[in-house]
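Keep the viewer open as you read.

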Amino acid sequence: MPELTCVIADDEPLALELLQSLVEAREDIEIVGICQDGRQALAAIRATGPDLLFLDIEMPHYSGFEIVKRLQPEPMPAVIFTTAFNRYAIEAFEIHAVDYVLKPLNAERLGLAIERAKIRLKSEKIHRDDRKADVLHAIGRISAKETREIDPDISPADDEVKPTDSKTL
């Protein structure tokens, strides 16, 4: 069973075909969208909610950068830019791309980028889970505190559910 889902977007048919074949050769990723321009990519991303994006930078309709900007503040998938141009690397990392892979693509370099994406996604999930736990813990504290403000006779032990004695019913 695949760990990740991805959308691939590239306007160059041969590059798209190569990237698709490299990703399909892996068992840990399922391709949920293959797109040849930025408009298709944006629609596929919004429709499928993938974990990972492989984006060319220079594409018709929207560039890879424009796609990322249009997705924000929606939850962002991990982004790996795949391009023939090294001149965009700084901008790619400024928008928190996981990696920047230059064409021609090869399985080893792409595999390294995918492993980086997995690490980032796991780290973000741990961070989200920790934040959820903190929020739930804070909500629990606030609720108990607010209850005690309404009725000062309630002690912290009263917040616990106690079994009832059937004889008192």
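Lys 103 and Asp 56 are both buried. In this predicted model, the two form a salt bridge, with their closest N and O atoms 3.7 Å apart. The pair reaches across the chain: Lys 103 sits in the loop between strand 5 (99-102) and helix 5, while Asp 56 sits in the loop between strand 3 (52-55) and helix 3 (64-71).

Now go to Arg 109, which forms a salt bridge with Asp 99 at 2.7 Å between the closest N and O atoms. Arg 109 belongs to helix 5 and Asp 99 to strand 5, so this pair ties together parts that are 10 residues apart in sequence.

One of the links is the salt bridge between Lys 118 and Glu 3, whose closest N and O atoms are 3.3 Å apart. Lys 118 is in helix 5 (residues 107-150) and Glu 3 is in the segment before strand 1 (4-9), so to speak distant parts of the chain, 115 residues apart. Lys 118 is buried, with a relative accessible area of 9%, but Glu 3 counts as partly exposed at 47%.

And how many salt bridges are there overall? The count comes to 11.

Conventions: Residues are numbered from 1 along each chain as its sequence is written. This is a predicted model: local features need pLDDT of at least 70, side-chain atom pairs count only at pLDDT 80 or more; totals for chains, interfaces and linings use all residues. Side-chain values use heavy atoms; hydrogens and water are left out. A salt bridge is a side-chain nitrogen of Lys or Arg within 4 Å of a carboxyl oxygen of Asp or Glu. Helices (H or I, at least four residues) and strands (E, at least two) are DSSP runs, numbered from the N terminus. Buried means under 20% relative accessible area, exposed over 50%, partly exposed in between (1.4 Å probe, protein chains only).
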